[in-house]
Amino acid sequence: MAALAACGSEPPSAATFDNAPAAATNPEKAAATKSALDAYAGYLAAARKAEAIPDPNYPELKKYLGDPLLTRVRTTIRDIKEHGAMRTGKLISDPRVTAVSLDSVPATVSIQDCIDATGYAMVDARTKKKVPGHAAGRYVATATASRYPDGRWLINAGLAHRDQPC
């Protein structure tokens, strides 16, 4: 996914997929977990829509993303558009919360996901033919949601670990 590709990548030791969700042991942590996962799902949906148009200024991106990730996602979508491409197909996500830190400033929630992009393709916007060299497969992705002063949880950091299958 281009939006997650905009997140960057790390060496193989950076992440391993953990199938056990982080336990929300109190109502405040449970609420943070839900809000962060909602923001993450919104981010993926907005990025898919923005990549399909493609429109780097798609309004929904600001609803779920904060900087520096917002800027990187927009730059990636702008690059896709300038090269006459777009994304199409289905992206499957299976996120888990791995950590909740309500005492940090800002409060954060760490998310680990298994992205299945085997049905999500970059295509030529005019011909709709697949662009060679853009196969994605299944891989680990990580993201951080932060609580902003206005109370919103936004995804502001993320990495696609394409060298780590899940």
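1. Helices (H or I, at least four residues) and strands (E, at least two) are DSSP runs, numbered from the N terminus. On that basis the protein chain here has four helices and seven strands, in the order α-α-α-α-β-β-β-β-β-β-β along the sequence.

2. A quick word on the source: this is a predicted model, where local features need pLDDT of at least 70, side-chain atom pairs count only at pLDDT 80 or more, and totals for chains, interfaces and linings use all residues. Residues are numbered from 1 along each chain as its sequence is written, and side-chain values use heavy atoms, with hydrogens and water left out.

3. Have a look at helix H2, residues 27–52: its 26 residues reach 37 Å from first C-alpha to last, close to the 38 Å expected at 1.5 Å a residue (that is, 1.5 Å times one less than the number of residues).

4. Buried means under 20% relative accessible area, exposed over 50%, partly exposed in between (1.4 Å probe, protein chains only). Of the chain's 166 residues, 43% count as buried.

5. Which aromatic pair does H2 hold? Tyrosine 40 and tyrosine 43 sit edge-to-face, 5.9 Å centre to centre with 70° between the planes. (Rings of Phe, Tyr and Trp, its six-membered ring, pair if their centres lie within 6.5 Å; planes under 30 degrees apart count as stacked, over 60 as edge-to-face and the rest as tilted.) Being three residues apart in H2, the two are separated by about one helical turn. Tyrosine 40 is buried, at 1% relative accessible area, and tyrosine 43 is buried, also at 1%.
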